[in-house]
Every structure is written in C-alpha cells, then in structure tokens.
Amino acid sequence: MSTRQDTLALAIASNILPTSSESTMTRLMANRHHGPVQTRGICDTEAATITTTHATEVFVRCAPIASGTSRNGCQIQSRVVYESLAHLLSEVGADLSHVVFEKAFFRNLAADIEDFEQIRVEAYRKRGITGQLLPAITHVQQPPCRSGQDIELQAFAVLPTPEGEARVRALSDAAEHLTVKLVEIGEARHLYIGNVPGYRGEEPEPGPFCQQSDRMFETADRLLREHGTSFVDVLRTWIYLDDIDGQYDELNAARNVFFQRQGVRRLPASTGIGGGTHPPGNRCVMDLYALLNPEIAQIEVMQTPTLNEAPEYGSAFSRGMKMALPEETYLFVSGTASVDEQGATVHTGDSRGQIERMLLNIEQLLAPHGAGWADLVQAVTFLKSADDLGLFREICAERGMAEAPNTIVQADVCRPDLLCEMEAIAVVPTSE
C-alpha cells in the first residue's frame, strides 16, 4: 500500500479525516476495501475513497454473493445490498444521507424493480431520507455476469471534511424517472442529471425510437439551461438503449445533428451501450455530468493512437475526458476493442484478442496522464457473453488490474461484432 493509502487507512480506523493543513499529496488519497461484509447475508463490497481539502468522495460497489436463484432472490439480495452499503459508509464516517447517486444493474428489471425500490425506499426512510433527499438512481437491465446474482449496485457519496465546504442539493422536484443533483465541493459546482428517458410513461404511446431519442436530448438540454449551462459544458454522458443493434445508428445521427445545432465542439466522453430501461415502453435513457464553472478546471479530450477516434466512423463523442481541478484530476474513459483504418473491428470473433485490446486501449488512454489501474475509483465492464467472465478475470490478473473496483455485466456493445467494452473513472493528484 502506498504512503497516501496508508494515511487514509489510519484516518478511517480513527474516524479522523485529513484537514487543509496537510499537503496536497497527503490530502488526495485512495483506499480500497475488498472482501465480503457479513450482514443478513453476504455481499462483496468495494470502496474507493478520495479525500481533498473540502470533501471525501466515496465510490462504492455492492454485489451480493448468491448461489442459484430463488423466487425472492432479488428482494433478499437488495436488502443485503443496502445493509452492506450502510455498513461500508459507516467505516469512512459517512452514512446513507451522503449518497448522491446510484446505478442498479438488474438480471430481470421488469420483474424485480418494484421489490428493489420498496427495499431501497425503506432503507433510506429508516434514516430519515425521503422525497428530494433520495439519491438519483438509474435502473438498467444488464445482468451481472456472476451466476445467481440478481442485482448489483454502484453508489457515489460525498461528505464534507471537518473544516471543508461541501453540500448536495436537489434542483428539481423528485420526478419518478428523473433527478437533478448539484454537488458543491469548495468552489467546484458539479451537476449530475440522472435517468433522462425518451418516454416517461405519461404519453398515450411511447413512439418510435427516433422520437424518443430526440425527446431525451431535448429534455436534457432544457434541464441544463434551467441551471445556467448547456451541452457545451457537458463532460460525460452514459446512454442506454434497449436494442442497441437496431438503434445505435439512429442515436448517432440524432446526436450528431443535436450537437451541431448546439455548437458542441468538445465532444463529451460517452458510453453508448445496450440495456433495458424503465418505465415499460421507454427505449433509451441518459445520465450526464457537467461542471457548472469550467473556468476553475483544465479540461481536455483524451486520446490514444491504439483506439480510433469516434468521429472517424460517425459518432459524436470522445474516448476520454480529463478534468483537472486544483487538487485532483478526474479521468473519464471508455474503450472497446479497436476498429482499423477501414472501420472494421479487429480480432473479430476472438474474445481474448478483443479483451486484451480493450484493456490496452484503456491503459493507453490513462498512461499519458500519469494514471493506471490502481487509480481507478469506479469501472463497469460490459461483456457480450457472460461465458467470457472467467477469461476476462484471467486476463485482468495477467495485466495487473484484478483489484480494480469493477462491475461486470452482460450487455450488447455498439457494434454487433464487438464482444466487450469498459468505462471507468480514475482520479490522480493534479500536477503542480
């Protein structure tokens, strides 16, 4: 463990967080907790914790361990997830009131969402968290690759340091399928808009995909403008499509036209991936992140020669985005196996070849900015086939990334012949 990790481990043990009197390198720290947490069941939990002058940011992954499936499997596992989340947060001096947003990955979204939401709401209500105080959440049909696991949760929490300034505000009424959160950490103003759907279930008919995708972008744009910004300042998007093979080309066309109309030149980093969404009839959903005062940061698009740039084959997004704040630098990245100069997928039909190339692409995105696998605070890997889970873990061990906090789910990727994709966030100290 590094010196800065040792320092945070000691701080966690004593419930004392670093103060502004310490140097930048000791203020910015990461520590990961691995292994099962015993509550009413067993849950594999991981957390990456970043502490700076004003706040501690906690990135959490909760994955219930199950063998086989049962009639109430998701209900039981959901309860374990929230007990484990509360337990883990308590270890770093936080609680459920500090959670800003969540992402839940379902094996069977339609069948299990009501049970999950009931348990989730109860877990927060027991701690006095209701209505607008509830975290933003996105529900997505992307089955965990581990057999017998019905649900997995990622969460992000923020709590102020003893002498710091940090707060979270809900900027809109808690609509059923949409949440806006403003996170203020020192002078930085982070805007998160979660679960922007193409169809809310209010209209008589869901409408075709092209209509839904247009509505999704228009709704997001309206919300951004209500809070004094636009897509020009959006740094990261996550887009989920219920039929990516049939819809991705339409999404790209709609996004290209929309960004051109909005004057977006610095294309946000983005993940466009297959995944069923909620409510029934909705065919696409988007999460996004923007920095409302970009003048305080150095922002640049990340590139690597091992991964063709998206505009070369008609997609309006970047592979990665770097946001350097005064103390910490965030690296938002997303990568698949590459396409060649003619636009063809490399290693077609070769799972090992594509996984290795995908990981190389992520490594090459991170390396120029002084980051590697140890700096990941959150990751999701999408495998087209859950049968590749064992192979993927084997290759991760070979490349030294077995300890990265990584949710591994089954999902179709943006091209039918692509077998894998990874999206991740890394955090490193900002260079002086």
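Seven bridges join β17 (376-383) to β19 (420-429) in this predicted model, and the two strands run antiparallel. Strands are runs of E in DSSP of at least two residues, helices are runs of H or I of at least four, and both are numbered from the N terminus. Two strands count as paired if DSSP finds at least two bridges between them. Within β19, Ala426 is the bridge partner of Leu376. β19 also pairs with β16, in the antiparallel sense, over nine bridges. Here Thr329 stands opposite Val428.

β19 is mostly covered, with 10 of its 10 residues buried. Buried means under 20% relative accessible area, exposed means over 50%, and partly exposed lies in between (1.4 Å probe, protein chains only). Cys420, Met422, Ala424, Ala426 and Val428 point one way from the strand. Glu421, Glu423, Ile425, Val427 and Pro429 point the other way.

Residues are numbered from 1 along each chain as its sequence is written. The model is predicted, so local features need pLDDT of at least 70 and side-chain atom pairs count only at pLDDT 80 or more, whereas totals for chains, interfaces and linings use all residues; side-chain values use heavy atoms, with hydrogens and water left out.

β17 and β19 belong to an open sheet of six strands. The order is β14-β15-β16-β19-β17-β18, and the pairing is mixed. β14 (298-302) and β18 (406-410) stand at the edges. Each has a single partner strand, so one side of each is left without a neighbour in the sheet. Neighbouring strands are turned by 10 degrees against each other on average, direction ignored. β15 (residues 320-324) and β16 (residues 328-336) run antiparallel and are joined by five bridges. Lys322 has Leu331 of β16 as its bridge partner.

Helix α7 (residues 351-366) packs on this sheet and touches β14, β16, β17 and β19. Contact means heavy atoms within 4.5 Å. The direction of α7 makes about 155 degrees with that of β16. Axes are lines fitted to C-alpha atoms, for helices over the stretch in contact, and angles run from 0 to 180 degrees between N-to-C directions. Helix α8 (residues 389-399) packs on the sheet as well, touching β17, β18 and β19. Its direction makes about 150 degrees with that of β18.

The 16 residues of α7 should span 22 Å at 1.5 Å a residue, and its end C-alpha atoms are 23 Å apart, which agrees. The expected span is 1.5 Å times one less than the number of residues. Buried residues of α7 include Ile355, Met358, Leu359, Ile362, Leu365 and Leu366. Strand β11 (residues 234-241) pairs with β13 in the antiparallel sense over seven bridges. Tyr240 stands opposite Val285 in β13.

Most residues other than glycine have a negative phi, and most peptide bonds are trans. Asn195 has a positive phi of about 65 degrees although it is not a glycine. Asn195 lies in strand β10 (residues 188-197) and is buried, with a relative accessible area of 6%. The peptide bond from His278 to Pro279 is cis, with omega near 5 degrees. Pro279 lies in the loop between β12 (269-274) and β13 (284-291).

A search of the whole structure finds zero disulfides, a disulfide being a pair of cysteine sulfur atoms within 2.5 Å. Cys145 is buried at 9% relative accessible area, whereas Cys210 is partly exposed at 38%.
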